[in-house]
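We will go feature by feature, with a general idea and then the case at hand.

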Amino acid sequence: MAKPNQKISAREFCDVLFANKNVTPAEILMILRKKYPHLEPTRQGVNNYLSSLKASSLTDISHDKATGRYTLRSISDAYFRYSAYRQGDKKPKQGKTPQAKPRSVMDDHEIAICRLVSMFDHCISSVRSCSVVAN
């Protein structure tokens, strides 16, 4: 039995897209509800997966705006690894995924200096743009 808040995995979603070429989000949702009724797929979940697939450089998906139909042509295995890490299903292996660097903490004096440098850069850029226009 599925966990209460368990979602359809990226691999399951893509399997449905590969098996059914040229489908609309409503058709995808209907297929997912038949294939995975215990997971309770939602329209928002389908739209989230589709926008994630469209935005990823690891996938090749086409979208016909006139008909609203999607066709998944190819997908890299790295997409599934990244999706699993994002959802917290797996722990990243040491050295395999880039770790987020902790943000450095600045004191008030450093923040004031950064603001002064930013204001100086802004003044210089506006003077340079005026001199280019005058020439």
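**Reading the model, feature by feature**

Q: Let me start with a residue in a loop: where is N22 found?

A: N22 is found in the loop between α1 and α2. Keep in mind as we go that this is a predicted model.

Q: What is the phi of N22, and how should I read such a value?

A: Most residues other than glycine have a negative phi. N22 has a phi near 60°, a positive value in a residue other than glycine. With a relative accessible area of 39%, N22 is partly exposed.

Q: Which loop holds E40, and what is its phi?

A: E40 lies in the loop between α2 and α3. Its phi is positive, about 50°, although E40 is not a glycine. E40 is exposed, with a relative accessible area of 62%.

Q: Let's step back to the whole chain. How many helices and strands does the protein chain have?

A: The secondary structure comes to five helices and two strands. Read from the N terminus on, the order of elements is α-α-α-β-β-α-α. Of the 135 residues of the protein chain, 24% count as buried. As for contacts with a separation of 6 or more, 49% of them are between residues 24 or more positions apart.

Q: How do I describe the way α1 and α3 meet?

A: Two packed helices are described by the angle between their axes and the distance between the axes. Here the axes of helix α1 (residues 10-19) and helix α3 (residues 43-55) come within 11 Å and cross at roughly 85°. Because angles of 65 to 115 degrees count as roughly perpendicular, α1 is roughly perpendicular to α3.

Q: Which residues of α1 and α3 meet?

A: From α1 come A10, F13, C14 and L17, and they meet V46, Y49, L50 and L53 of α3. By class, this contact of α1 with α3 has eight nonpolar residues, no polar ones and no charged ones.

Q: Which residues have the most contacts inside the largest nonpolar core?

A: That core has 22 residues, and those with the most contacts inside it are F13, L17, I28, L32, L50 and L53. The elements that give two or more residues to this core are α1, α2, α3, β2 (69-75) and α4 (77-87). The largest share, five residues, comes from α1.

Q: Which residues does L50 touch?

A: Not counting residues up to four places away in sequence, L50 touches F13, L17, P25, I28, I61 and Y70.

Q: Is Y79 buried or exposed?

A: Y79, which lies in helix α4, has a relative accessible area of 3%, so it is buried. Leaving out residues up to four places away in sequence, Y79 touches A10, Y49, S52, L53, S56, L58 and T59. Y79 and A10 are 69 residues apart along the chain, and their C-alpha atoms are separated by 8.5 Å.

Q: Where is E12 found, and which residues is it in contact with?

A: E12 is found in helix α1. Leaving aside its neighbours within four places in sequence, E12 is in contact with Y36 and L39. E12 and Y36 are 24 residues apart in sequence and 9.2 Å apart in space, C-alpha to C-alpha. With a relative accessible area of 23%, E12 is partly exposed.

Q: Now the strands: do β1 and β2 pair in the parallel or the antiparallel sense?

A: Strand β1 (residues 59-64) and β2 pair in the antiparallel sense over six bridges. One of the facing pairs has S62 standing opposite T71 in β2, and H63 has Y70 as its bridge partner in β2. In a regular strand the side chains alternate between the two faces of the sheet.

Q: How many residues lie between β1 and β2 in the hairpin?

A: There are four residues between them, and G68 in the turn has a positive phi of about 75°.

Q: Which residues is T24 in contact with?

A: Setting aside neighbours within four places in sequence, T24 is in contact with T67, G68 and R69. T24 itself is found in the loop between α1 and α2 (25-35). At 15% relative accessibility, T24 counts as buried.

Technical notes: Residues numbered from 1 in each chain as written. Predicted model: local features only at pLDDT ≥ 70, side-chain atom pairs only at ≥ 80, totals over all residues. Heavy atoms only, no water. Axes fitted to C-alpha atoms, helices over the stretch in contact; angles between N-to-C directions. Parallel < 35°, antiparallel > 145°, perpendicular 65-115°, else oblique. Contact = heavy atoms within 4.5 Å. Nonpolar A, V, L, I, M, F, W, Y, C, P; charged D, E, K, R; others polar. Buried < 20%, exposed > 50% of the residue type's maximum accessible area, 1.4 Å probe, protein only. Core = buried A, V, L, I, M, F, W, Y, C linked by side-chain atoms within 4.5 Å. Pairing = 2+ DSSP bridges.
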